[in-house]
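Me: Please take me through one part of this protein up close. I'd like to know what it rests against, and how the whole chain looks around it.

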Amino acid sequence: MTLDDLRKTVADCNRERRTIDLQGGNTLRAFGAPQPRADVTISTNGLSELLTHEYHDLTCSTRSGIRVADFAVQIAKHGQFVPIDVPQRRKATVGGALASGWLGPRRHFYARARDLVIGSQVLLADGTMASAGGMVVKNVSGYDMTKLYIGSFGTLGIITQLNFKTLPLPQRRRVLIAKLPEGTRDRAAAQVTSSPVTPAAAFCIEGFRKAIDGEDGIDGRIYILLEGSETLVDRATRDLRSALGRAGVPETTILDTGAGESFERILDASIESVGERSVTYRDLGMPGDALARGTALRDAANRHELFTDTLVDMMNGDVFLRVSERDSRAFAEKLEGCDDEIRALRPRSVIAAGDAPIRASLNSWGADPPAIEKMRALKAQFDPNRILNPGRFVGGI
């Protein structure tokens, strides 16, 4: 579908009050509320062109339907990148990644992808185009309208173009993996988060066998991504191996070849489902209590005799908890009570993945945010006929 076709289709749907199911790569389809049945399905996959790459100015412009991996390859030709850390990057689209507001694990190191957006073009519900920003890094006075559409799940407008500030590609990438003996997890995590050289990403992991590299010790395993110059990565490696040794971790595996692919497996695992017998929760919070939150959520699921896999982002505070069972019927019977307990512990936790039919009966977004009435008012202003992804976002927006 061309941009002109898209504009005409959206305008027709608005006039006829037909609802639209907006699709990109569909990789985050199970994130948040399930999409209600719509009258028309629209894909942005045809909008897949890298429009410009002003590499001397560290800026680029792309259509929203380009695959994240393809986008990365094209701008890497000039030694640059944008840290769009989403699962299944070979299928995911740049527009979908930004529209979902997905938070990547390198955001503490490079900033969020949304922070690197300097301009946009958005198709509104009535079929008109709206532009914000431009192609220079400092170009917005007042409120940047682009930020309104990012993270709105396509409920306010369809992102058709994004302009980014690009970053220089790191010279070196390395992964460190270590089994955690009993009683070492908290000490090891403290050593990593207080390291003089900040890791690009760092996780405490329990489970996710085969999906994520490494094997668990009694306390799981630790996974660290280092990025930067040769000198910086080598120094960080020496410092971290020594620090982990002081924490009681006897051995650290170094992975250079395939480090990028290994990191991608971390991203993919965060939404990987176990057939129709698993659900994955994502809980956001501060890094200082992330391990404690992960333990509390895991224990809640274990009390309901569910299997668990836990991924804790030590640098940003995100916790992913996948709960599963061997049998889909048993899973459905146990999950309802487990979900109630998880909501009591962390009311704002979100369901990030899961193909189990029982998902339809769960509150995928958790408790409404304090600004929910303002969000509903924005929806009413931007899409009064409620044609764009109705019901997909928090609070039924």
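Reply: Let's start with charge: the chain has 52 positive charges (Lys and Arg) and 50 negative ones (Asp and Glu; His and the chain ends are not counted). Their mean positions lie 2 Å apart, taking NZ of Lys, CZ of Arg, CG of Asp or CD of Glu as the place of each charge. Keep in mind that this is a predicted model, where local features need pLDDT of at least 70 and side-chain atom pairs count only at 80 or more, while totals for chains, interfaces and linings use all residues. Residues are numbered from 1 along each chain as its sequence is written, and side-chain values use heavy atoms, leaving out hydrogens and water.

Now the big picture. The chain has eleven helices and 17 strands, which are DSSP runs numbered from the N terminus (H or I, at least four residues, for helices; E, at least two, for strands). Its radius of gyration, taken over C-alpha atoms, is 21 Å. The globule rule (2.2 Å times the number of residues to the power 0.38) also gives 21 Å for 397 residues, so the chain is as compact as a globular protein of that length. The C-alpha trace spans about 65 × 55 × 35 Å along its principal axes. Of the 397 residues, 55% are buried, meaning under 20% relative accessible area with a 1.4 Å probe and protein chains only (exposed is over 50%, partly exposed in between). Contacts are heavy atoms within 4.5 Å, and of those between residues at least 6 apart in sequence, 70% join residues at least 24 apart.

With that in mind, zoom in on helix H6, residues 185–193. Which of its residues are buried? They are Arg185, Ala188, Ala189 and Val192. These four cover an arc of only 100° around the axis, which puts them on the same side of H6; the arc is that of the directions from the helix axis to the C-beta atoms. Here's the general idea: an α-helix has 3.6 residues a turn, so residues three or four places apart point the same way.

And what covers that side?

Gly258 is partly exposed, with a relative accessible area of 27%. Its C-alpha atom is 9.0 Å from that of Val175, 83 residues away along the chain.
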